[in-house]
Amino acid sequence: MAQDLTLDLEELRHLHSIAKRSRTLSLLSSEIRNLEKISSDANAARAPQIPTPISTGAKVSPSPALNYSTLASFSWDQDVDKVKIYVSMEGIDENKIESEFKSISFDVKFHDVQGKNYRCAISKLHKEIVPEKCKVLVKPKRAIITLVKASKGNWLDLHFKEDKLKPNLDKEKDPMAGIMDMMKNMYDEGDDEMKKTIAKAWTDARSGKTADPLGSYR
């Protein structure tokens, strides 16, 4: 087909060169243009298709890990339903706060506060909270972290602390051993008067004056 188009074009061009009448020349010129376009399209279709390289973009280096200053000093108060933690700091942008609340912990990050990043977090709270109800509120000179308690009541502390005075009543352990452990903890952490009282109780128990070292507390 390509060869036929070439021959047709040559013949039309030859006729165009010898034609005299303007109408004949116009018709021949129009037909020549049509055939030239068809020939050009045919050649383009036969040309090998070179795939356009896909740009993958510039290689982006991973962002460096952010450094945080830990906010170890803050105040807090509570009611039976919630705990409020007050972080005194100016220049906090509420759009640059990252918070994560879990049932027994929270982690609040304050980014780009006067050029620094700060973090207020407790890995194990005194008791459980309701994560989806907790929030951070930004004021002009401070941020308020509200923790909603999972169960009503007063917390003795924000941080979880194991009750050292609670006797270990393991079924496989002698109940008296748990009481002895409790007495030891009371002695180690008590004041001088407490230590004297416990020492006397031990002495009396060993001498047979009393069989119950906890008798003086009942």
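User: Which residue in β6 stands opposite T70?

Analyst: T70 stands opposite R119 in β6. This is a predicted model, in which local features need pLDDT of at least 70 and side-chain atom pairs count only at pLDDT 80 or more, whereas totals for chains, interfaces and linings use all residues. Residues are numbered from 1 along each chain as its sequence is written, and side-chain values use heavy atoms, with hydrogens and water left out.

User: What makes β1 and β6 a pair of strands?

Analyst: Strands are DSSP runs of E with at least two residues, and helices are runs of H or I with at least four, both numbered from the N terminus. Two strands pair if DSSP finds at least two bridges between them; two bridges join β1 to β6, which run parallel, so the pair meets the requirement.

User: Which strands form the open sheet, and why is one side of β1 and of β4 left without a neighbour there?

Analyst: The open sheet has four strands in the order β1-β6-β5-β4, with mixed pairing. β1 (69-70) and β4 stand at its edges and have a single partner strand each, so one side of each lacks a neighbour in the sheet.

User: What makes β7 and β8 a paired hairpin?

Analyst: Five bridges join β7 (residues 135-139) to β8, and the two strands run antiparallel. Two residues lie between β7 and β8 in this hairpin, and K135 has T146 in β8 as its bridge partner.

User: Why is D107 with R119 called a salt bridge?

Analyst: The term requires a side-chain nitrogen of Lys or Arg within 4 Å of a carboxyl oxygen of Asp or Glu. In D107 and R119 the closest N and O atoms are 2.5 Å apart, so the pair qualifies. D107 lies in strand β5 and R119 in strand β6, so the bridge ties together parts that are twelve residues apart in sequence.

User: Why does K109 have no salt bridge with E98?

Analyst: K109 is found in strand β5. Counting Lys and Arg as positive and Asp and Glu as negative, with His and the chain ends not counted, the nearest side chain of opposite charge to buried K109 is that of E98, 4.3 Å away. K109 does touch E98, along with Y68, K96, I97, Y118 and R119, leaving out residues up to four places away in sequence, where contact means heavy atoms within 4.5 Å.

User: What makes the set that includes I85 and I145 a nonpolar core?

Analyst: A nonpolar core is a set of buried Ala, Val, Leu, Ile, Met, Phe, Trp, Tyr and Cys residues joined through side-chain atoms within 4.5 Å. The largest such set has 21 residues, and I85, V87, F106, F110, I145 and L147 have the most contacts inside it. β3 (82-88), β5 (105-113), β6 (116-122) and β8 (142-148) each supply at least two residues of this core, and the largest share, four residues, comes from β5. Another core, of five residues, lies apart from it and has L12, A19, L28 and I32 among its members.

User: How do you know that C120 is buried, and how many disulfides are there?

Analyst: C120 has a relative accessible area of 0%, and is therefore buried, as is C134 at 10%. With a disulfide defined as a pair of cysteine sulfur atoms within 2.5 Å, a search of the whole structure finds zero.

Notes
Buried < 20%, exposed > 50% of the residue type's maximum accessible area, 1.4 Å probe, protein only.
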